[in-house]
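Hi everyone, thanks for making time.

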Amino acid sequence: EHPLSSAASIDYPLIIPSNAKICRIFGTEAQVPILRQTGNVALSERICGNEAYINELLKSSDISIPQIYNAPIRQKNKETDTLKILCFGSSWFMDTWWYLNKIIADAGINAELHCYYMGHSKFSEWIQLYADDLTPFSGSESSRSASKNTSINGADWIITTYSSSGSYNAQAYRDDWYNDLVSGNWDIIAFQQGARQAPYWDLYWKNEWSDIVDIVKKHCNPNTHIAFNSTWTPAVQNTTDMAPYPATKAGQKEWQKANWENTKRFMALSGLYNVSPCGKAMRLLRDSDYNTQLDLADDGLHPNNGLPIYVLGGVFYETFIAPMFGISFKDINWIPTTATQKVSVSGQTWTPLPTDTTDLKNIVMNSMAKRFSE
């Protein structure tokens, strides 16, 4: 037990390890947000209830407070409540949430999902759309792929593409996303960094992460939980998108490590500590006997319909939805078949699932247990 755990112990000197990076502080009754301190070695230290000690610690010039306090996951009752989820991001996030409508329905939860896809989109482009700047759909991107996908109580996705007679209504797409976002009507708002951009902090995170968090947070209701999805790597055969990393398993691990480091930095700065570790799940799948061909991504980029997308949906479900209802992905009976609605970005690809999905569910649980490890 820490010597400061007693409320009477107020005379101990202030001791801050010189190599501390993160200190987690607990007050006598409520958790104080995680504080980030500069240094080379990550250290987590539990310091229990001492107001004088905490006040001294807060004076340290090396400490910064995370940008927001993310509301905790609130308990909901599947017998009486309707779960409302808003998602936005690139095609890899579309692969993640594509089976969520079926998984949630199998759990007996009434749910309404509005999910926005914009091909190869990154933080900066959603920030532009929020400001009513349609640059993401201009020039060479004038015909970029984008859609709104809605599902209620497990029904197949209703897909709105905003295109007609060869033209694309970017303003209508932006307005629908914006109006959904600002409605404040969501239990979960989930987003993701662009897939190809994830390993490069200075180029795609550094100047945008704060604005995207601000945009989402200020339109949350008091119970909205902000969810972030951590992605995977291109397939090993995809030499173009793997560059400048080698198109090898070792190169994939270097890519994934850079992505994880950026995700962890983003978590510490933003205050979004609850992240779905889909990148870890794909790493486990690719290292397993299920990876029989083409790294489970026939087009070299998008996970195939079937087995990998089932696991990705399970990871998101287990991270954010299962604790909300006190249930588990282990209890889900639904599995996709070749007749299940396919996600367009993965084409007509299909990787079959075993009849017994226990091993796949264990991969989901293992990814949760070691989110950012090799």
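Predicted model: local features only at pLDDT ≥ 70, side-chain atom pairs only at ≥ 80, totals over all residues.

I'll start with a sheet and then turn to the helices around it.

Let's zoom in on strand E12, residues 225-230. Which strands does E12 run parallel to? One is strand E11, residues 188-192, joined to E12 by 5 bridges. The other is E13, with 3 bridges to E12, again running parallel. If you want to find these pairings on screen, look for Ile188, whose bridge partner in E12 is His225, and for Ile189, which stands opposite Ile226. Over towards E13, Ser230 stands opposite Pro277.

So, is E12 mostly covered or mostly open? Mostly covered: 6 of its 6 residues are buried. Remember that in a regular strand the side chains alternate between the two faces of the sheet. In E12 both faces are covered, with His225, Ala227 and Asn229 buried on one side and Ile226, Phe228 and Ser230 buried on the other.

Now, what lies across this sheet?

On to helix against helix. As a reminder, two packed helices are described by the angle between their axes and the distance between the axes.

Let's stay with H11, and look at helix H10, residues 278-286. Their axes come within 9 Å and cross at roughly 145°, and H10 passes H11 in a right-handed crossing. From H10 you've got Cys278, Ala281, Met282 and Leu285, and they meet Leu307, Pro308, Val311, Leu312 and Val315 in H11. What kinds of residues are in that contact? It's 9 nonpolar, no polar and no charged.

H11 also packs against helix H12, residues 358-369, at an angle of about 45° with the axes 9 Å apart. The two are therefore oblique to each other. H11 passes H12 in a right-handed crossing as well. On the H11 side, the contact includes Tyr310, Gly314 and Glu318, and on the H12 side it includes Lys361, Ile363 and Met368. By class, there are 9 nonpolar, 3 polar and 2 charged residues in there.

Last pair: helix H4, residues 123-130, and H5. They pack at about 90°, with their axes 9 Å apart, so H4 and H5 are roughly perpendicular to each other. Trp126, Leu129 and Tyr130 in H4 meet Tyr173, Arg174, Trp177, Tyr178, Leu181 and Val182 in H5. That contact comes out as 8 nonpolar, no polar and 1 charged.

Key:
Residues numbered from 1 in each chain as written. Heavy atoms only, no water. Axes fitted to C-alpha atoms, helices over the stretch in contact; angles between N-to-C directions. Helix = DSSP H or I, 4+ residues; strand = E, 2+ residues; numbered from the N terminus. Left-handed = near helix turned anticlockwise from the far one by under 90°. Contact = heavy atoms within 4.5 Å. Nonpolar A, V, L, I, M, F, W, Y, C, P; charged D, E, K, R; others polar. Pairing = 2+ DSSP bridges. Parallel < 35°, antiparallel > 145°, perpendicular 65-115°, else oblique. Buried < 20%, exposed > 50% of the residue type's maximum accessible area, 1.4 Å probe, protein only.
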